[in-house]
Every structure is written in C-alpha cells, then in structure tokens.
Amino acid sequence: MRGADLEVERLGNGPPVLFIPGSVVEASLTWRRQRDLSRDWTLIFPNRPGFGASPPLPRNDFETEAPLFAELLGDGAHLVGHSYGAVIALHVAALRPEAVLSLTVSEPGTLQLAGTPEAAEMMANGERLYGAADSITPLDFVRMFRFGANSARETPSELPESLRRGAELAMRERPAWEGKVPLDRIAAGGIPALVVSGGHSRVFDSVCDRLAQALGAERATIEGKGHSVPEAGDPYNQLLEHFLTSHESIR
C-alpha cells in the first residue's frame, strides 16, 4: 500500500497541515471541529487504512501505517495527530524529520512512557480488552474502549455501519503502547513540537509530560472533553493555530 492509496480530503488554502486521526472513527469525525482552520491553512485529512474508502491492511499497526502518512507530507507540512494517530505521527516524524515543519500530538496512546503503576494497570486492562475481542460485540468493545480512555464521544445503542467498521478495526489493531517510541530520532531532527493533554487522567498527563520533556516540546492542557481533546473546538484550534503560525517560517 502507498500513501496515495488512502482516501484524503483536502480543504482550504495556505501552508499544509496533515492531520492523523485515532482509532474507531473516521478523520471527518475526529477533526470535525478543526475545519474552520481552512481559512488560513490547507488541511489534509486522510483516513487510516480500512476507514472510509481507504483500503484495509491485514492489521492496523502504527509502524506499518507511518510510511503511508509520511508520503503525504510531500515536500513539507505541519503534522498533527490525536490518540492512536498521535502515535503514528511520532513514527512519521522519525521517518521524515526534514519534511515535518512542526509536530503537534494530543493524548498519544504511548502509555508505557508514563512509567507509573496507574499506567501499568491501564495497559493491563487494555490487554484484557483486546484479548476478549473474539468473545464480545463491537458495541461492547467501543463502550469499554471509550470508558477506559475517558472519551467524550457518546456511543449509540446500535452502531451505525461506519462506527461498527471502525470498532472491528480497533479490535484487532496493534496496541498503541507496544514497541519503542523513536524519541531520540525525533529530538535529533530539531522539530518544533507541542504536546497536549485533556487534564482528565494522571496517566495521560504523565505520558504527555515525559514526551514533552524528551522532545523539548511546548506543553499544554485543554480541559473539558476528556481524552477527546480536538472536540474542545475553539480552545484547541486557537492553541494549534498560534503554535503553527509561530513555527511557520522557522524551517
């Protein structure tokens, strides 16, 4: 598969910003409150493999997907990722640091970075959920997945087709906390970075604190939407746009 095979929506004019969505839902829902940024930026919204019209992989995996999104950077773009998409974005930045104008990640699922008992418990619960995927329904999986992450998204009693499909993809994807995050390579690339948490979880706060420290990144918290930080809308957009603007002419 190539990056060109992914379904991509492009919106607006201006410097390019590549947005990578997380698990369960398509890009159009993850980033629905960011569309107004198209006034001053070219927004690039790809669907991950298996979502929307993007062809599926045998199994979604942040390391396998990263080269696809790295292609979409073109000659250079700002890079934004949320949740599982933030994990992908970290690997993209390590693959093509010269093409990443800036890096913004919110609540990445790299729980192993926290190094706390609470994070170990969260990962253990996640392993149990993934281990039960063959014996529970997609609806039950989504409910427990969102509860564990403290997502602000509501889950209907009957899943629409797009959400059912996203749940099935998430049920077999590689857990976000596996593998080694290429922090040294990202830091060596000198990429301006911003790390954002939702202020709802000591685990995610610890992950974001340690990530920001390792990357020499700016650190921010946007409360009110739990794990679903981009759903905050204006506060998130204002923070993101200020960061993008401040680093637009650096590289």
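Helices (H or I, at least four residues) and strands (E, at least two) are DSSP runs, numbered from the N terminus. D140, for example, lies in helix α5.

The model is predicted: local features need pLDDT of at least 70, side-chain atom pairs count only at pLDDT 80 or more, and totals for chains, interfaces and linings use all residues. Residues are numbered from 1 along each chain as its sequence is written, and side-chain values use heavy atoms, with hydrogens and water left out.

**The chain as a whole**

Nine helices and seven strands make up the secondary structure of the chain. The radius of gyration, taken over C-alpha atoms, is 17 Å, close to the 18 Å that the globule rule gives for 251 residues, so the chain is as compact as a globular protein of that length. That rule is 2.2 Å times the number of residues to the power 0.38. The C-alpha trace spans about 50 × 40 × 30 Å along its principal axes. Of the 251 residues, 55% are buried, where buried means under 20% relative accessible area, exposed over 50%, and partly exposed in between (1.4 Å probe, protein chains only). Among contacts (heavy atoms within 4.5 Å) with a separation of 6 or more, 75% are between residues 24 or more positions apart.

**Two helix pairs**

Two packed helices are described by the angle between their axes and the distance between the axes. Axes are lines fitted to C-alpha atoms, for helices over the stretch in contact, and angles run from 0 to 180 degrees between N-to-C directions.

| Helix pair | Angle | Axis distance |
|---|---|---|
| α4 (residues 117-131) and α8 (residues 202-215) | about 110 degrees | 9 Å |
| α5 (residues 138-149) and α6 (residues 161-172) | about 70 degrees | 9 Å |

The angle makes α4 roughly perpendicular to α8, a term for angles of 65 to 115 degrees. E118, A119 and M122 of α4 meet R202, V203 and F204 of α8. These residues divide into four nonpolar, no polar and two charged. Here Ala, Val, Leu, Ile, Met, Phe, Trp, Tyr, Cys and Pro count as nonpolar, Asp, Glu, Lys and Arg as charged, and the others, Gly among them, as polar.

α5 and α6 are likewise roughly perpendicular to each other. The contact involves P138, F141, V142 and R146 of α5, and L163, R164, A167, E168, A170 and M171 of α6. Seven of these residues are nonpolar, none polar and three charged.

**Two residues**

D140 is partly exposed, with a relative accessible area of 32%. From C-alpha to C-alpha, D140 and I186 are 37 Å apart in space, and 46 residues apart in sequence.

S106 lies in strand β5 (residues 100-106) and is buried, at a relative accessible area of 1%. Beyond its neighbours within four places in sequence, S106 is in contact with G81, H82, S83, A86, V196, V229 and P230.

Methods. Parallel < 35°, antiparallel > 145°, perpendicular 65-115°, else oblique.
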